[in-house]
Amino acid sequence: MRDRFLARPSAALAILALLSACGGGEGGTGATVVAPTPTPTPTPTPTASPPATATCSLRSRQDWVLAQMREWYLFPETLPAAPDPASVGNLDDWVDALTATARGQRRDRFFTYVTSIAEENAFYSSGSSAGFGFRLGADAGSRRAGILEAFESAPALAAGLDRGAEIVAIGTSASNLRTVSDIIAAEGVGGINTALGPSDVGVTRVLRVSDASGTRDVTLTKAEYDIAPVSSRTGVRVLETPGGKVGYVNLRTFITPAEPALKSAFAQFKAAGVRDLIIDLRYNGGGLLSVAGVLGDLIGGGRAASDVQSRVVFRPEKSAENEIRNFNQLTETVTPRRIAFIATGGTASASELVVNAMIPYLGSDVALIGTNTFGKPVGQIALDRAECDDRLRVVALSVRNRDDQGDYYNGLAPFVRSTCQAIDDSSRPLGDPAEASVAAALGFIAGRSCTPISPGVAALSASAERSAAPAGRRLLTPERPSPAQREVPGSF
């Protein structure tokens with residue numbers, strides 16, 4: 001079976017999220033943090049078998065992509081009857097031209113793309129990436145940018161930069177710093193991508209940052225590092241509340257090392273007697289379908305072996321590929337009373353699959369906290385042309401829950417019975433009980449009322465799509481992102 005993959009789109013449509021400029025958070029949760037859990041060592045995955053030899057001219061690559069899409073594309077009726085390869089000058093634009101009709105129907109919003117086999121394998125096996133090691137958000141309206149998260153074992157955190165730090169200016173040296181305000185005014189938020197430089201080892205930038213320690217200049221050099229799917233610092237918490245213990249886990253991405261990390265977290269929850277859960281997927285753009293299934297198993301206590309977790313459905317002539325995944329009771333599985341999923345417009349695909357899977361079983365006891373999700377109920381398979389280092393991630397399947405619900409192209413908010421609006425309060429650490437989204441999740445678990453999420457916030461124009469934030473605050477991603485930047489949106 002080909003690798004099945006559920007992930008966010010290319011940043012040709014940037015994922016939007018909240019970069020909070022306000023201090024404090026919703027108090028009164030009565031919760032305290034008990035302890036984090038360590039992140040286990042990643043386990044690599046094998047590389048897919050390559051096809052036969054081939055030339056790598058642009059025309060040859062275009063013909064190969066078109067042939068694969070005619071065979072596998074989930075929406076074959078939308079492909080142009082006689083596309084003109086000469087009308088485009090690169091492979092990315094060719095794929096975009098082939099998918100234009102489906103994109104206009106909101107069924108393939110840059111979900112189909114070509115990437116590097118080597119780079120993607122490196123990311124999915126261990127989270128390998130090159131950069132400064134932070135997740136960045138920006139607000140075009142206020143012309144500000146700030147760090148939403150810093151990754152362990154990466155240069156930014158080692159230099160003392162973490163969530164809540166504002167980037168005031170960027171330069172290649174202290175003598176040519178440009179303010180973020182000037183960059184955005186002249187070039188839009190995309191200018192920050194350019195200012196930060198390419199994702200290559202050795203690229204150095206000077207950042208003027210402002211945080212609780214004051215304003216200072218920091219010199220950072222991009223390096224190789226692994227993105228742990230569950231943070232060893234803020235990824236797992238057991239929160240003590242008046243109503244009992246609540247397990248909190250923040251999953252950054254659905255890559256192979258996430259499976260042991262999640263099992264470790266849920267073993268801790270089970271040992272602590274946790275019965276209610278907060279699953280924080282606010283920046284999670286998706287990933288591997290198999291890992292999404294493991295998370296479903298871990299939160300699916302009490303489900304029978306015959307209970308359907310998800311359905312994978314290909315186009316009719318490929319129906320032999322269809323699959324039904326039932327729940328498995330793992331050693332670490334917990335039986336939750338209530339689950340609160342924290343989400344933003346950056347929550348996509350595999351993340352949405354997990355939420356959707358629980359709706360038929362928990363009903364109003366499963367909630368969406370934050371804003372509406374992205375809206376991607378389809379997945380890709382990987383088709384490789386190894387001679388050219390080309391991997392075509394083509395939309396070939398739809399994902400549905402037990403009740404065959406899988407039409408959430410405009411986000412999950414209309415399909416989840418319980419929802420609560422909340423901001424992403426970057427002035428507080430992820431997992432902090434007083435952080436606005438976590439506080440709202442604890443409020444839902446405690447039975448307190450809240451303001452529901454507006455179901456239409458993700459269904460906007462292309463330029464404003466998935467915005468759930470004032471003034472267009474968003475996670476930044478280059479126009480042509482690396483594999484890591486696709487699945488960990490906003491990472492640099």
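**Helix packing in a predicted model**

**Overview of the fold.** Among contacts in the protein between residues at least 6 apart in sequence, 76% link residues that lie at least 24 apart. The model shown here is predicted, and its secondary structure consists of twelve helices together with 23 strands. Of the 492 residues of the protein, 59% count as buried, while the exposed surface comes to about 17000 Å², of which carbon and sulfur atoms supply 51%.

**Close-up of helices α1 and α2.** Helix α1 (residues 58–72) and helix α2 (residues 91–98) have axes that come within 10 Å and cross at roughly 30°. Because angles under 35 degrees count as roughly parallel, α1 is described as roughly parallel to α2, and the crossing in which α1 passes α2 is right-handed. From α1, the contact involves Leu58, Arg61, Gln62, Val65, Leu66 and Met69, and from α2 it involves Leu91, Trp94, Val95 and Leu98.

**Close-up of helices α9 and α10.** Helix α9 (residues 289–298) packs with helix α10 (residues 350–362) at an angle of about 35°, and their axes are 9 Å apart. On the α9 side the view shows Leu289, Ala292 and Leu295, which meet Ala350, Leu353 and Val354 of α10. The residues of the contact of α9 with α10 divide into six nonpolar, with no polar and no charged residues.

Notes: Residues numbered from 1 in each chain as written. Predicted model: local features only at pLDDT ≥ 70, side-chain atom pairs only at ≥ 80, totals over all residues. Heavy atoms only, no water. Axes fitted to C-alpha atoms, helices over the stretch in contact; angles between N-to-C directions. Helix = DSSP H or I, 4+ residues; strand = E, 2+ residues; numbered from the N terminus. Parallel < 35°, antiparallel > 145°, perpendicular 65-115°, else oblique. Left-handed = near helix turned anticlockwise from the far one by under 90°. Contact = heavy atoms within 4.5 Å. Buried < 20%, exposed > 50% of the residue type's maximum accessible area, 1.4 Å probe, protein only. Areas by Shrake-Rupley, 256 points an atom, 1.4 Å probe, with all protein chains shown as cover. Nonpolar A, V, L, I, M, F, W, Y, C, P; charged D, E, K, R; others polar.
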